[in-house]
Amino acid sequence: MKKIKDNEVRWGVIGVGNVCERKSAPAMNLVPNSKLVAVMRRDEDKVRDYAARHGVPKWYTSAQDLVDDPDVNAVYIATPPHMHLPYTKLAAEAGKPVYVEKPMARNFAECQEMIAACEKANLPLYVAYYRRALPHFLQIKKMMEEGAIGEVRTVHINLKQVLKPDIVVHLENNWRIDPKVAGGGYFFDLASHQLDLLDFFFGPVQKVQGFAVNQARAYEAEDLVVGSFVFENGVIGSGNWCFTASQSAEVDEITIYGSKGKISFEIFGKGEFTLEKDGEDRQHFELELPYHIQQPLIKSIVEDLLGRGKCPSTGNSGARTNWVMDELVKTYYGF
């Protein structure tokens, strides 16, 4: 069933910053039956420049003006997390489906408000956990479902980064380590991708326990998180995230252990993974990633809106990831 009246999705983007240069917004003109028709940013010079460079016909400095544009029938919110809730409400009140950047919000409670606003307006809500649509992760999921490593037993996340990690964009105003803007620190920005992908692989997490601290005191947010979690399907997981490690200690790895082997991969690297099975040689797989990394997920959203497919990343799944993160850091923030 179609979720919009039109036969094409005409996007309006709120907050055309760095993520919109290559990762997301340009793909909206490459997906069939999809167009980027309007962009918004409060800085007039920057939004005019973006529109000119990317061939976008309309630009605004007011989010209200963008969502009220009759040509726009879907809204992509690409701002930092503290504005996801108010802008989702704004778009929902205007009757426009919402695609929001990750993490979905600063906390689970805000996610629930976003879901409620879209449900009240009978509108779909999608979240930019684009790894759910990337080819190597789809292949890993398929291989596990086909029994490549036997019965899945446990999974471990290991992420160690230096104080200023290369895997994030560093801005003059580094909102990623400001809990008032981001909800937490680099953990919320980076671990959200990892935890959401595991939700995609194994389903919802049922129980969580964790500890979060600030050891280095380089900023306000947590810089070290450890925890364990149990999925509804019985798989048990653990994670260790440190964002003040040495350069020699840097690592980005998830390993899934089964009764007959294991699969290991990076979240923030190339489209590669390894498979090791008992009695067999180690296998290495490498798949090409799309130039615009969000394009496969955006394609699924367009198809979902037009009644031709289904998007794997929704408000409900995105909110589950926020709930897990809240549980892992609540010892630090006291909620």
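User: Why is Cys242 called buried?
Analyst: In this predicted model, Cys242 has a relative accessible area of 11%. Buried means under 20%, so Cys242 is classed as buried.

User: Are Glu110 and Arg106 buried, partly exposed or exposed, and how do you know?
Analyst: Glu110 has a relative accessibility of 9%, which is a buried value because the cut-off is under 20%. Arg106 stands at 26%; exposed means over 50%, and partly exposed lies between the two cut-offs, so Arg106 counts as partly exposed.

User: Why is the pair of Asp178 and Lys180 called a salt bridge, and how accessible are these residues?
Analyst: The closest N and O atoms of Asp178 and Lys180 are 3.3 Å apart, and the limit is 4 Å, so the pair qualifies as a salt bridge. Asp178, at 23% relative accessible area, is partly exposed. Lys180 reaches 54%, and because exposed means over 50%, Lys180 counts as exposed.

User: What makes Asp199 and Arg320 a salt bridge, and where in the chain does each residue lie?
Analyst: Their side chains meet with an N to O distance of 2.8 Å, and the limit is 4 Å. Asp199 is buried at 6% relative accessible area, whereas Arg320 is partly exposed at 31%.

User: Which residues line the largest cavity, and how do they divide by class?
Analyst: The lining is made up of Leu195, Leu198, Asp199, Val205, Phe229, Phe231, Arg320, Thr321 and Val324. Two or more residues each come from H7, strand S9 (224-231) and H9. By class the lining has six nonpolar, one polar and two charged residues. The volume of this cavity is about 60 Å³, and the count of cavities of 30 Å³ or more comes to one.

User: What surrounds the second largest pocket?
Analyst: Its lining has 16 residues, and those nearest its centre are Lys3, Glu119, Leu123, Pro124 and Leu125. Helix H4 (108-120), strand S6 (125-127) and helix H9 (315-333) each give two or more residues to this lining. The largest share, three residues, comes from H4. The space in this pocket is about 370 Å³, and the lining divides into eight nonpolar, four polar and four charged residues.

User: How do you know that Arg176 is buried, and which side chain does it contact?
Analyst: Arg176 has a relative accessible area of 13%; buried means under 20%, so Arg176 is buried. Its side chain makes a polar contact of 3.1 Å with the side chain of Asp189, and the limit for such a contact is 3.5 Å. Arg176 is placed in the loop between strand S7 (152-160) and helix H6 (179-182).

User: Why are Asn122 and Arg217 called exposed, and what are their phi values?
Analyst: Asn122 has a relative accessible area of 70% and Arg217 has 63%. Exposed means over 50%, so Asn122 is exposed, and Arg217 is exposed as well. Phi of Asn122 is near 55°, a positive value in a residue other than glycine. Arg217, also not a glycine, has a positive phi of about 60°. Asn122 lies in the loop between H4 and S6, and Arg217 in the loop between strand S8 (205-213) and S9.

Conventions:
Residues numbered from 1 in each chain as written. Predicted model: local features only at pLDDT ≥ 70, side-chain atom pairs only at ≥ 80, totals over all residues. Heavy atoms only, no water. Helix = DSSP H or I, 4+ residues; strand = E, 2+ residues; numbered from the N terminus. Buried < 20%, exposed > 50% of the residue type's maximum accessible area, 1.4 Å probe, protein only. Polar contact = N/O pair within 3.5 Å; in protein donor to acceptor, adjacent residues only side chain to side chain. 1 Å grid on protein atoms, 1.4 Å probe; cavity = no way out; pocket = protein on both sides within 12 Å on 5 of 7 lines; lining within 4 Å. Points joined across faces, edges and corners; volume = space filled by probe spheres on them. Nonpolar A, V, L, I, M, F, W, Y, C, P; charged D, E, K, R; others polar.
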